[in-house]
Amino acid sequence: MNTIETSLFNKHVFAQGLQHAVVDQAEEDIIADENEEDVKSSEDRALESTALHFTDADIREVKHHSIVRFTKAIDSQRLLTSEGDIVYLEGLFIPDNKDNDIKTQKFLEAHFLDKDIDLYICKESKCKSADRYGHMRVHAVAKKDKTWLQAALIATGHAQIRTRSDWPILIDRLRPIESRARTGKIGLWKLSGLSIMDALKISDAQRGFHIVEGTVRSVAMHKNIVYLNFGDDWRKDFTVVIPSTIRRQFSKDGVDIMGKGGKRLLVRGWIDEYNGPFIEIDHLEQIEWLETTN
């Protein structure tokens, strides 16, 4: 791990994958005008949930690395330890709208500062151990009460889930926590620019990281690439593009991707534009099937 002067850090430096969300200014003002005591109270209630505790089953999915003392939030996803190292909280998308970065830092320091933290790393061979700045990628858990920091940030609406091909672990554990925050319109979920996008209403969507929900209208395959179409005109409507390598992974998992017509899903990723808006996936965890059958 690296020891770096914290003064060099700026929240914009850490915008991995251009993670900036455009939201309506009036909506931002609504968040800013919220009573701080009410926000603090709702956060405290969310943190009382046992669903935020790291369990024995979770521990079996990862590898314990070390115990550190958390001394400072460098930004909304990076913690400075008492040893002078910086670690990165993996599995999160934290939009940099207005002062959300600062609010998230304050939340982390209010609840976890000067506490002993267990660091867990991915034990799968395809996982990259460090981010592009050389900071160790971790799941962080308060040693005393087992509160999982990633789950706490998602439950209180400071963050959304971010899946990555080289860090696929524990995403399914975080999904119901995010779902409750979304349903309750907690924190960032109050902002329409950060809410779930309707697959039928994003023809003019700005490019960027989004979560999209919709029903697959048709499934097509061309040159071993699968296309999940959500509208009547594939040249204009939203599409999920599944390369052949990912299609084979679905098959290995027993998922009949060609039989998904009529099924509803959530997909998260980078929206681009070619024959209408599309997301090309590079790992299975980007898609969450909202029906239990294959």
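This is a predicted model: local features need pLDDT of at least 70, side-chain atom pairs count only at pLDDT 80 or more; totals for chains, interfaces and linings use all residues.
If we follow E5 to its other partner, we come to strand E1, and here the two strands pair in the antiparallel sense over 7 bridges. One place to look for this on the screen is Ser 66, which stands opposite Leu 119 in E5. E1 also pairs with E2, again in the antiparallel sense, over 3 bridges, and in E2 the bridge partner of Phe 70 is Thr 81. E1 and E2 form a hairpin, with 4 residues between them.

What do these strands build together? There are 5 strands that close into a barrel, in the order E1-E2-E3-E6-E5, and the pairing within the barrel is mixed. On average, neighbouring strands of this sheet are turned by 55 degrees against each other, with direction ignored.

Now to the helix that goes with this barrel. Helix H4, residues 100-112, lies across strand E1 (62-73), strand E2 (78-81), strand E3 (86-89) and E6, and the helix runs at about 105 degrees to E1. H4 has 13 residues and reaches 18 Å from its first C-alpha to its last, which is close to the 18 Å expected at 1.5 Å a residue.

Which residues of H4 are buried? They are Asn 100, Asp 101, Thr 104, Gln 105, Phe 107, Leu 108, His 111 and Phe 112. Seen down the axis of H4, these buried residues fall within an arc of 160 degrees, and so they line one face of the helix. On the face of H4 that is turned away from the buried side, we find the exposed residues Lys 106 and Ala 110. After the helix comes Asp 114, whose phi is positive, near 65 degrees.

In helix H7, residues 244-252, the residues Ile 246, Arg 247 and Phe 250 are buried. Seen down the axis of H7, they fall within an arc of 105 degrees, so they line one face of the helix. What covers these buried residues includes strand E10 (218-222), strand E11 (225-229), E12 and strand E15 (287-289). H7 is followed by Gly 254, whose phi is positive, near 80 degrees.

Lys 185 is in the loop between helix H6 (171-183) and E8, and has a positive phi of about 50 degrees although it is not a glycine. Is Lys 185 buried or exposed? With a relative accessible area of 53%, Lys 185 is exposed, given that the cut-off for exposed is over 50%. Lys 223, in the loop between E10 and E11, likewise has a positive phi, of about 55 degrees, although it is not a glycine, and at 71% relative accessibility Lys 223 counts as exposed. Lys 201, found in the loop between strand E8 (197-198) and strand E9 (208-215), is exposed with a relative accessible area of 65%. Lys 201 and Asp 237 are 36 residues apart in sequence, and 8.8 Å apart in space, C-alpha to C-alpha.

Finally, the chain as a whole. Its secondary structure comes to 7 helices and 15 strands, and buried residues make up 49% of its 294 residues. Among contacts between residues at least 6 apart in sequence, 70% join residues at least 24 apart. The accessible surface comes to about 14400 Å², of which 48% belongs to carbon and sulfur atoms.

Notes
Residues are numbered from 1 along each chain as its sequence is written. Side-chain values use heavy atoms; hydrogens and water are left out. Two strands pair if DSSP finds at least two bridges between them. Axes are lines fitted to C-alpha atoms, for helices over the stretch in contact, and angles run from 0 to 180 degrees between N-to-C directions. Contact means heavy atoms within 4.5 Å. The expected span of a helix is 1.5 Å times one less than its number of residues. Buried means under 20% relative accessible area, exposed over 50%, partly exposed in between (1.4 Å probe, protein chains only). The arc is that of the directions from the helix axis to the C-beta atoms. Accessible areas come from the Shrake-Rupley method with a 1.4 Å probe; for residues, only the protein chains shown count as cover.
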